[in-house]
Amino acid sequence: MHVLNVVTSDEWTTLQEYEYDLFIRPDTCNPRFRVWFNFTVENVKQDQRVIFNIVNFSKTKSLYRDGMSPLVKSTSRQKWARIPAKHVYYYRCPDHRKNYVMSFSFCFDREDDVYQFAYCYPYSYTRLQNYLDNLEKKGMDFFHRELLCLTVQQRRLDLITITHPDNLDPDENNRIVFITARVHPGETPASYCCQGFIDFLISNHPIAKILREHIVFKIVPMLNPDGVYLGNYRCSLMGFDLNRHWSEPSPWAHPTLYATKNLLMELDRSDKHTTDFYIDLHAHSTLMNGFMYGNTYEDVERVERHSVFPRLLCTNAEDFSLANTNYNRDAVKAGTGRRTLGSCLDENSHCYTLEVSFFSYQTNSASQALPYTEEGYMKLGRNLARTFLDYYKPSGPTLTLPMKEEAIGSLGLNQQLSHIQNTDRFEDRSIRRSYQRDFSINSSNAFSESSSSIRLQMRENRRY
Ligand SMILES: [Zn+2]
């Protein structure tokens, strides 16, 4: 009979023959964050049932209470699957200083397979680099990739620009939509969402073509490459939660923020550019659906304008929840990209955080929550992209058109739009509703993966 040997980066423990206590390695230079796991198991025996206890989570509130379960795949089955919720237990455990423990049982079925378990769908730094390398090779004249800066550990901070080549003329007046993702390295759904966003914008879809003609999209797909590479959940290499350092980023401690903020401020100062949107993509560990955080303002008219985009996104994405969306200036959110840039960019710009659940979404039509898949997260990204068309086009007497008249004028945007609405066959196009209507909860589910924060390997047979 085989006995598995569990090796974690820090500790291992065996309880009974087939029960293992697993300890998540904390973020580098910050022991407070212990959430993300991603480990492999090999040298298993057929029909061997094992119990894993993950015993040192740093959070107590968790989507495990709402039926979330770990993901698994194996050498011969490369598609991630969820372990059935009935095999997962989340409870306060007296044996572990009353910490919350997540236990799950799993029955191995193929001896030759290597099994991998993860908190959410991984999306690594290497995967992003391969994705961008492939796009670059296509030689599209509307896609540009630049190195914005190098990280502390000399990784790339990529800046992607997607727009019609005519808009790159320095004399052109441009409207800019600026998107960032993965400032929190464990929030892998943000990367799937960002990839869906990019995939849509570079596609032949008629909406994508129009958006490229009128708007300059600037995208920083991974704001914290070192944190992602190291498998951290929340922090940078040096243990900083970068999304609390936007106010005064340091060139040596937070170089990626420093470079990104400088670029945003430079665009803001320029007469030729108008930054209409800054949206930072995240994943949420306790709430369901996709939703946004926005800012609050004294100016009532600005508050009204600020609520338009989330409402439009809600009409396009069935997983997006207006009920979860909120506008705040909470002290705990000081120093976030959304808050900081919301107060220092031009007052006509809109700064949001887009959150998507690590687990699931509730829709109006389904009786129970639907777990997000990689595709579900990418779909939210595509829906985010298409919503800019709804925002910039005139769509009724109460919606002020934010786009400058000359930008639409001779290009006949309205004409192009009516053509699109007749011919649009985009698979996930939802029924259009007027944004003035009341909205009940929509849910979305997205996940992405980041690199592992713990890597447990079960290799040799060894008896304890
Ligand atoms: Zn986050």
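Trainee: Which residues of strand E3 are buried, and on which sides?
Mentor: In this predicted model, strand E3 (residues 19–22) is covered on both faces. Glu-19 and Asp-21 are buried on one side, and Tyr-20 and Leu-22 are buried on the other.

Trainee: What does E3 pair with, and in which sense?
Mentor: E3 pairs with strand E5 (residues 48–54) in the parallel sense, over 4 bridges. Within that pairing, Leu-22 stands opposite Ile-54 in E5.

Trainee: Turning to the open sheet, how many strands form it, and in what order?
Mentor: The open sheet has 8 strands, in the order E11-E12-E14-E13-E15-E18-E16-E17, with mixed pairing. Its edge strands are E11 (143–150) and E17 (326–327), each of which pairs on one side only.

Trainee: And how do E12 and E14 run, parallel or antiparallel?
Mentor: Strand E12 (residues 156–162) and strand E14 (residues 216–220) run antiparallel and are joined by 3 bridges. Ile-162 stands opposite Phe-217 in E14.

Trainee: Now the hydrophobic side. Which residues have the most contacts inside the largest nonpolar core?
Mentor: They are Phe-117, Ile-279 and Phe-388, in a core of 94 residues. Helix H9 (residues 374–392) gives the most to this core, with 9 residues.

Trainee: Where does this core lie relative to the domains?
Mentor: It lies between domain 1 (4–119) and domain 2 (125–426), because both give residues to it.

Trainee: What is Phe-388 in contact with, sequence neighbours aside?
Mentor: Leaving aside neighbours within four places in sequence, Phe-388 is in contact with Val-177, Phe-197, Leu-211, Phe-217, Phe-277, Ile-279 and Phe-309. Phe-217 is also the residue that stands opposite Ile-162.

Trainee: What other core lies apart from the largest one?
Mentor: Another core, of 21 residues, lies apart from it; Cys-149, Leu-159, Phe-178 and Ala-259 are among its members.

Trainee: Are His-184 and Glu-187 buried or exposed, and why?
Mentor: The cut-off for buried is under 20% relative accessible area. His-184 has 3% relative accessibility, so it counts as buried. Glu-187, at 4%, therefore counts as buried too.

Definitions and conventions. Residues numbered from 1 in each chain as written. Predicted model: local features only at pLDDT ≥ 70, side-chain atom pairs only at ≥ 80, totals over all residues. Heavy atoms only, no water. Core = buried A, V, L, I, M, F, W, Y, C linked by side-chain atoms within 4.5 Å. Buried < 20%, exposed > 50% of the residue type's maximum accessible area, 1.4 Å probe, protein only. Helix = DSSP H or I, 4+ residues; strand = E, 2+ residues; numbered from the N terminus. Domains from an automatic or database assignment. Contact = heavy atoms within 4.5 Å. Pairing = 2+ DSSP bridges.
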